[in-house]
Amino acid sequence: RELTESEASKPFLEHLEDLRWTIVKMAITLVIAMVVCFGFRSMLVHVMQKPLQVVDPQIGALRALGITDSITVSFHLAFYAGIVLSFPLLLYFLAEFVLPALTAVEKRFLLPAIFVSFGLFLLGVLVCYFWLLPKTILFFFHDTQSLGWAPAWTVQEYYSFVTRFTMGFGLAFELPVVVLALVKFGLVTYRFMARTRPYAIVLIFILASIITPTPDILTLMAMGLPMCLLYESCIWIAWAMERRKAKALAG
């Protein structure tokens with residue numbers, strides 16, 4: 001598209017200044033959200049340990065091996081909870097930065113895309129927390145017992161596993177938004193996505209292996225398979241979008 005005079009004459013350093021202020025606003029928002037979440041750390045601890053009670057009461061209490069574990073884990077939880085709490089605002093500030101580069105039609109889709117993106121992120125976190133996480137914990141609990149060992153998990157290991165697993169699953173559910181945005185902007189097509197499906201599946205499992213907190217095959221499959229299904233759904237949605245666009249041009 002043709003740039004306005006103000007956009008065309010805007011120096012590169014001013015774009016960097018805009019980016020700097022965007023990062024500053026995002027950082028301040030995240031810090032404020034973290035402080036709020038830190039004030040509710042007892043509630044967060046109760047929520048995060050709920051899957052343990054659902055799985056098996058024999059697991060018992062988690063063990064704190066470090067002197068500073070209470071503060072370290074509290075900051076850990078506040079950081080991830082702060083991301084969830086401030087996610088819509090973080091997306092808004094990021095969108096605000098790229099807004100001048102978008103056309104009027106693209107700007108109309110921006111706000112709905114933010115809401116859909118946040119909804120999918122929350123859906124991924126909730127699906128993992130209520131369905132996948134208890135099953136995964138139960139598997140490892142019984143697998144440990146089958147080897148004749150008594151499960152004795154530390155707070156550091158447990159919260160690292162739970163937060164990375166749930167947040168990774170939430171981010172995995174962002175895949176449709178990213179793919180459909182690329183389709184909408186004409187960067188990828190239905191035929192390209194269908195033709196490169198095998199390569200996409202390999203990349204998805206590589207990404208899943210990075211996101212998952214443990215190297216076992218069960219957790220990898222639990223993360224990778226839903227992402228593959230989401231990618232497959234994106235292919236058919238892209239096909240429907242291209243077909244509707246072709247009909248609109250023909251009409």
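Here is a short chat about helix packing and nonpolar cores in a predicted model.

Student: Hi! What kind of model is this, and how are residues numbered?
Tutor: It is a predicted model, where local features need pLDDT of at least 70, side-chain atom pairs count only at pLDDT 80 or more, and totals for chains, interfaces and linings use all residues. Residues are numbered from 1 along each chain as its sequence is written, and side-chain values use heavy atoms, leaving out hydrogens and water.

Student: At what angle do H3 and H5 pack?
Tutor: Helix H3 (residues 41-48) and helix H5 (residues 69-98) pack at about 80 degrees, with axes 10 Å apart. So H3 is roughly perpendicular to H5 (that term covers 65 to 115 degrees).

Student: Which H3 residues make the contact?
Tutor: Arg41, Leu44, Val45 and Met48 of H3 meet Ser70, Ile71, Ser74, Leu77 and Ala81 of H5; contact means heavy atoms within 4.5 Å.

Student: Switching topic, which residues have the most contacts inside the largest nonpolar core?
Tutor: Tyr159 and Met193, in a core of 41 residues. Such a core is a set of buried Ala, Val, Leu, Ile, Met, Phe, Trp, Tyr and Cys residues joined through side-chain atoms within 4.5 Å, with buried meaning under 20% relative accessible area (1.4 Å probe, protein chains only).

Student: Nice! Which helix gives the most to this core?
Tutor: H12, with eleven residues.

Student: And what does Tyrosine 159 touch?
Tutor: Not counting residues up to four places away in sequence, Tyrosine 159 touches Val45, Met48, Gln49, Leu62, Val73, His76 and Leu77.

Definitions and conventions. Axes fitted to C-alpha atoms, helices over the stretch in contact; angles between N-to-C directions. Helix = DSSP H or I, 4+ residues; strand = E, 2+ residues; numbered from the N terminus. Parallel < 35°, antiparallel > 145°, perpendicular 65-115°, else oblique. Buried < 20%, exposed > 50% of the residue type's maximum accessible area, 1.4 Å probe, protein only.
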